[in-house]
Amino acid sequence: MDYDKIEKQARVRAKVKSTVTYVFLIIWAVIVLFPFYWMILTSIKSYSSYNSEYVPKFYTLAPTIKNYVDAFISVNLSRYFLNTIIFTVLTTAVMLIVTILAAFAFARLDFKGKNITFAIFLSLMMIPNELVVITNYVTITNWDMRNTFAGLILPSVTSVFYIYLLKENFEQIPDSLYKAAKVDGTSDLKYLFKVMLPICKPTVITILILKVIECWNSYVWPRLVTDNPDYFLVSNGIQEIRENGFGRENIPAMMAAVVVISVPLIIIFLIFHKKIMAGVSRGGTKG
Amino acid sequence: MNYNKYKGWLYLLPAILFLGLFMVYPLVDVVVYSFEEGYNFASQSFSGTGLYNFSYVLHDPYFMQAVKNTFIIVIITVPLSTGIALLISLGLNSIKPLKDFLQTVYFLPYVTNTLAVGLVFMILFKKTAYSDGLINALINMFGHDSIDFIEGPYWAKMFVICFYTIWIVMPFKILILTSALAGVRQDYYNAAKVDGTSKFRTFYKITLPMISPMIFYLVITGFIGAFKAYSDEVAIFGTNLNAAGMNTIVGYVYDMLYGNSGGYPSYASAASLILFAIVFTITVINLMVSKKNVQY
Amino acid sequence: MKVTLEHLTKRFPNRNKKIKEDVIAVNDFTFEIPDGKLIGLLGPSGCGKSTTLNMISGLEKPTSGKVFFGDDDVTGLPPENRGVGLVFQNYALYPHLTVRQNILFPLQNLKGKDKLSKEVMEEKALEAAKLVQIDAYMDRKPGELSGGQQQRVAIARALVKMPRVLLLDEPLSNLDARLRLQTREEIRRIQIETGITTIFVTHDQEEAMSISDMIVVMKDGIFQQMGKPQDVYDKPVNLFVAKFLGTPAINVFNGEIKDGKLYIGDDAILDVNLENQQVWAAIRPEGFVVSDNGALKCTLKQVEVMGRDTSVISLNDNLDGISVRSIIPSDTTINPVNGIVSFNIKPYKIHLFSKETEERLEF
């Protein structure tokens, strides 16, 4: 056997392989990052310079923040922003309370009909949102809740999947802890908040993250129940801007609005990227 | 201890209340609507019961166009995105420097607002009076004429929407597959290496079977998600999807409910039940196939 | 196949990135493993045994030094070209393949002129399965087998391609005590039947001693001693080896050489031909003989009757440890005087080590 030759071949092969891998991975990274680069770049080009570039340039030598000023002045971006924050915070908070209480009941308490109720809950997981949105729209309209926060929030506060996720996690806490707490005279509610929740913090954070992302990006339901721009969320705002704002073709101003809307989640993501990715993959794989 | 009997229900009360109102009741109601012919929003009255709503929807060219679009999007994006995600995850798992950085970058689209980033894609592809857009500039560089991706030929529009859909769904798939791949113990690879197993065979005989449950999971959820495509389309083509010829089934439901054709909950219900039937069938088929192929 | 290691060294960058210094897993190993023998690579956890094994298999590249199979330098050769069989601590059986498919797996990798026909492969797989007595379970999946059976499959998979060298990484550590005993005899039998040079790694000295032709003792990545198990036990080269081999552990005393005599405290134990100095005097438990006028005096603490023999636990101020444990035949009668029991020491069961270097002192 020609050992030197085999050795050499193996080394060359490893080198080629790693080069090809890196090239491939970097190409995808560019595809992912390019739209972000482009939106920031466009947002700092002036209206006239953007429109004078028949072939768009990859850089600009005269950055301007005028577009950002426009985004806040000529359309009601700050209003959309505020609405979205209110919507996200309230929805997430109510959802968490509902989910935690339900998960606790399923995991910890004994009562007649628990198993059948849980089975019904689980079967509801299969129901797509599109199926129920029609009646919900009618319901909210009948209750005169169009263009109100209540109308936006109420149908989005329950998620069977999150109840399931948290219940599974709660059940991993050994019974002995509950018994010990009972012996010490701890009430159920206190046990839930002082013992179970701290132990299951990662799952709660997962749920929180997933819900916040969902809220920030929600479009379909808000579009149905709001037609008054005072109650638009950022997604609807963007759509509104696209169709009516900025005198149609002011793309740099549009991009400034897009940057402003995208930045909060991206910043949160960059700070907590490890936690968020772990959370999403937990939430995802258990589904 | 009578109180204890009801305590469980007390904790469950909010969940049951919300689910009952916004999930169970609508579920029954949507079926009812779908059989009520000519239901009128304002007077809350209807002219008769029967299958007319279904027949109307199935004969509506807009609906058939939406079904066609949806199926094309599903068939193109699900296999492509899963395949590319697998390649990327394999690549990621084989490198050390830059791994964390790339993983974070790849995940970015997950946390962005679909509507907002869709606008960026639109301007990248869009042809306007001032400019043919960046993508067309690239195409011109290769000596080809500009294509109007946003308002032009059907397949150009389909290309953009599939590209954007894949861009949006990749982060989740890459994340799931990289962690599935990382979960395959190094020992298996070492054992294969000592036995002189080729790279391809190692992948095909060891890696793939071991991560097959996750791949099927992604395919199933991918199908379900793609069948519900809607906001990506709005992001690229605007709210009037019928005019763009790019509507999807979900889009059709919403248009029927509101939007431009305005206020036909019966048709919307029928269409959404048809969608549910399609998704349900496909999922059952998927599950049957995966039962056969997921090997342990 | 003779296996030779020459100045084999492996350094890893420190996991704690603040520390610049590398971790030296294996430091300057040089020894020769004779053809057709069963060798136990022995040392406490984290001493670099597995790293050594991985360098022999080719899964890890040495930082410096060389590995020879016979006269061939295989240092840079990828594992698949070395012809080694490797059995993993947790077996690494492919869970989605049956026993048969697992054993066939290495054969199906062969390409070109080495390629085998289906029938030959089946035949070889069955042969290997028979050798490890697993042929009755060919169509089961690993998940349906007991730990011991999985172990056999793993060995069969490693043997089926007739490796030049068989490597086993802690092969018994995942088995319960009874199975461990049985399996180690099995490994010995298979090794003798096949005559393949076999190297196995273990932290369990009893395991290594019981089946190896030779053992290699390591500590902190440094080679300590190599030899037949009995030779290493009888003539440990340093205090570490003396302490590491043998259960119950050797008793180590602070001793002193004065005028050609070894003293433990005030007790003169035996005559030695050494300079005056402080020494470690290590005495095997079976080296004690109870005698009314014995040289070494200890305070009796407890007598444990264990059937075949008796274990005498006693105290001595000069012991480097808690209590002196000696093993004597069960028919010996013990007559402590005022709680003091006296021992004579068998000279070949006592080892002296320098206090400075902890190296063996011949006396």
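What pLDDT does chain C average, and what percentage of the residues score at least 70? This is a predicted model, and chain C comes out with an average pLDDT of 88, with 100% of the residues scoring at least 70. For the model, ipTM is 0.87 and pTM is 0.82.

Let's start with the contacts between chains. On the A–B side, 70 residues of chain B are in contact with 71 residues of chain A. Helix α1 of chain B, residues 2-35, gives the most to the chain B side of that contact, putting in 18 residues. By residue class, this side of chain B splits into 51 nonpolar, 15 polar and four charged residues. As for chains A and C, four residues of chain A are in contact with seven residues of chain C. The chain A side here holds three nonpolar residues and one charged residue, with no polar ones.

Chain A itself is divided into two pieces: domain 1 covers 3-66 and domain 2 covers 67-286. Taken over C-alpha atoms, the centres of domain 1 and domain 2 of chain A are 34 Å apart. Their contact draws eleven residues from domain 1 of chain A and eleven residues from domain 2 of chain A. On the domain 1 side, the elements that give two or more residues are α1 (3-43) and α2 (47-52) of chain A. Of these, α1(A) supplies the largest share, four residues. That side of domain 1 sorts into five nonpolar, four polar and two charged residues.

Next comes the nonpolar core. The largest one has 258 residues, and those with the most contacts inside it are A257(A) and V258(A), A271(B), and A156(C), A281(C) and A282(C).

Helix α8 of chain B, residues 186-194, has N190(B), A191(B), A192(B) and V194(B) buried. What do the buried residues of α8(B) pack against? They pack against α9 (199-227) of chain B, together with α1 (49-57) and β6 (84-87) of chain C. Just after α8(B), G196(B) takes a positive phi of about 70 degrees.

That leads over to chain C, which has eight helices and 21 strands. The C-alpha atoms of chain C fill a box of roughly 80 × 50 × 40 Å along the principal axes. Chain C runs to 363 residues, and buried residues make up 40% of them. Among the contacts in chain C with a separation of 6 or more, 65% come from residues 24 or more positions apart.

Six of the chain C strands form an open sheet, in the order β13-β12-β11-β14-β20-β21, and the pairing is antiparallel. Which strands stand at the edges? They are β13 (267-271) and β21 (360-361) of chain C; each has a single partner strand, so one side of each is left without a neighbour in the sheet. Within the sheet, strand β11 (residues 251-258) of chain C is joined to strand β14 (residues 277-283) of chain C by seven bridges, and the two run antiparallel. One pairing can be picked out by name: the bridge partner of N254(C) in β14(C) is W280(C).

Note on methods
Residues are numbered from 1 along each chain as its sequence is written. Chains are lettered from A and ligands numbered from 1 in the order in which they are written. This is a predicted model: local features need pLDDT of at least 70, side-chain atom pairs count only at pLDDT 80 or more; totals for chains, interfaces and linings use all residues. Two residues are in contact if their C-beta atoms, placed from the backbone, lie within 7 Å. Ala, Val, Leu, Ile, Met, Phe, Trp, Tyr, Cys and Pro count as nonpolar, Asp, Glu, Lys and Arg as charged, and the others, Gly among them, as polar. pLDDT is the predictor's confidence in each residue, from 0 to 100. A residue is buried if 20 or more other C-beta atoms lie within 10 Å of its own, exposed if 12 or fewer, and partly exposed in between; C-beta atoms are placed from the backbone. Domain bounds come from an automatic or database domain assignment. A nonpolar core is a set of buried Ala, Val, Leu, Ile, Met, Phe, Trp, Tyr and Cys residues joined through C-beta atoms within 7 Å. Two strands pair if DSSP finds at least two bridges between them.
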